[in-house]
Amino acid sequence: MILFKFISTGFLEPPEQRSSVLKSQKMIPQQYCYPSLFIYGHRSSGKSHVVNVLMKELELPHTTVSCVECISAALLFEQVLLSFFGCDAAAQLPRSPSISDFVRIYRQQSSQFPAKQTRFIVMEKAELLRDADANLLPALLRLQELVDDNVSVVLLSEIVWDKFRPNTGCFEPLLLHFPDYSKGELQQILSKDCHPSYSAEFYSSYINILLGVFYTVCRDLRELRHLAALNFSKFCEPVAAGKAKETETHKLWKNIEPHLKKAMQTVYLREVSSVISLSCKGLSAHTHVELPYYSKFLLIAAYLASYNPARTDKRFFLKHHGKIKKTNFLKKNEKTSNHLLGPKPFPLDRLLAIFYSVVDSRVAPTASIFSQISSLVTLQLLTLVSHDDQLDTPKYKCAVSLDFISAISRTVNFDIVKYLYDFL
Ligand SMILES: Nc1ncnc2c1ncn2[C@@H]1O[C@H](COP(=O)(O)OP(=O)(O)OP(=O)(O)O)[C@@H](O)[C@H]1O
Ligand SMILES: [Mg+2]
């Protein structure tokens with residue numbers, strides 16, 4: 001509850017006031033904390049930073065687990081037991097432990113070493129938990145009850161809870177939104193990086209100029225900090241050369257302006273390149289391409305519909321397709337790769353047929369599929385191809401690359417290459 005009280009009263013305050021709110025909290029450490037907290041907000045909105053500072057300043061027993069690093073649940077269990085109870089506890093885990101193994105060992109240990117105050121498990125990049133074993137997330141959300149210990153799980157995510165919640169239902173965590181930093185808050189935070197050889201006012205006026213140029217195109221604190229460090233030496237040049245005084249803002253502005261404009265072009269380049277590299281890595285870190293679960297399958301279905309000849313659908317997607325001769329299926333003279341020809345348009349019903357076929361073994365789709373299709377069009381991942389003669393049946397084309405769709409497929413454990421005619 002302390003964490004909640006602090007955040008609910010504290011984090012909307014400008015950074016300087018946050019720590020005073022923090023110190024003014026009356027701590028009742030023995031009290032049980034809410035079983036799970038779900039903290040969400042865009043990239044660089046300070047989720048990790050605020051939680052880390054809180055844990056350290058209040059000296060709360062905690063362990064921070066990165067879901068990127070803990071690629072298996074076993075690693076997660078090991079890290080939690082290790083940091084709360086030591087290596088002997090962690091060593092008790094069997095090979096490929098189940099959640100109940102973890103719960104059993106945790107219970108044993110916590111009955112020997114009961115918590116004097118809440119133990120926190122902070123899960124970074126929690127959105128990756130959606131790709132883990134379906135029981136893991138519901139178990140973490142009510143771990144407190146399962147292990148009968150004063151433990152609380154804090155999930156940090158870029159994705160809102162509504163898109164996160166498993167559709168089988170689960171314990172509802174306490175939700176906390178981290179809004180993006182305002183321009184004023186960014187100014188305060190960035191001004192703290194002030195250079196030792198210059199005054200704080202001088203650095204602050206530099207940040208003011210920098211934000212004036214970049215704020216409209218980039219609000220990412222990490223990116224802005226990088227830009228500030230990159231261009232500061234240029235800003236100081238006239239002062240260092242004795243050509244201007246620290247207070248001659250106008251002169252300094254004239255000098256730095258062309259450099260910042262040039263750097264502006266690389267902001268776009270950097271953003272583009274980071275999108276591309278992420279699309280190969282697994283996408284999860286990028287808000288703009290993070291898709292809801294079913295949309296991922298819709299996009300996969302659209303990709304298959306765009307690159308497979310329609311006549312091969314039966315072979316790929318009908319479970320009991322009877323006898324389809326392999327020679328008929330693989331027409332030897334059909335030499336051209338569909339990938340070289342580019343995506344072909346397909347009608348909506350074909351998309352849905354493939355979609356239900358690839359998604360069926362997992363869960364019955366309940367989400368509103370049509371609105372997700374139009375979102376994919378808005379995101380320009382699908383293109384609507386209009387045909388004058390066929391007003392009633394819309395046709396679509398898939399607009400993403402093989403790398404992109406492979407990365408999407410990996411996040412839902414779908415082996416797309418197995419379903420692509422070109423790669424048979
Ligand atoms: N209030 C703050 N004061 C100083 N630095 C901050 C503050 N908030 C964030 N930062 C810095 O900005 C960077 C991004 O913040 P942070 O890592 O907390 O973002 P995040 O919300 O966890 O983002 P992501 O979703 O990418 O994990 C970090 O380097 C952090 O130290
Ligand atoms: Mg973070």
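Guide: Helix 3 (47-57) and helix 12 (221-240) each supply at least two residues of the shell around ligand 1. Helices here are DSSP runs of H or I, at least four residues, and strands are E runs of at least two, numbered from the N terminus. This is a predicted model: local features need pLDDT of at least 70, side-chain atom pairs count only at pLDDT 80 or more, and totals for chains, interfaces and linings use all residues. Side-chain values use heavy atoms, without hydrogens and water, residues are numbered from 1 along each chain as its sequence is written, and chains are lettered from A and ligands numbered from 1 in the order in which they are written.

Visitor: How many residues surround ligand 1?

Guide: 15 do, and the closest include S44 and Y181. A residue counts if one of its heavy atoms lies within 4 Å.

Visitor: How far is the side chain of S48 from ligand 1?

Guide: One of its N or O atoms is 2.6 Å from an oxygen atom of ligand 1. A polar contact is a pair of N or O atoms within 3.5 Å; within protein, one must be able to donate a hydrogen and the other to accept it, and residues adjacent in sequence count only if both atoms are side-chain atoms. For a K125 side-chain N or O atom, the distance to a ligand 1 oxygen is 3.3 Å.

Visitor: New topic. What order do the strands of the sheet take?

Guide: The order is 6-8-7, in an open antiparallel sheet. Pairing needs at least two DSSP bridges between two strands.

Visitor: Which strands stand at the edges?

Guide: Strand 6 (346-347) and strand 7 (382-385). Each has a single partner strand, so one side of each lacks a neighbour in the sheet.

Visitor: What stands opposite F346?

Guide: Y396 in strand 8.
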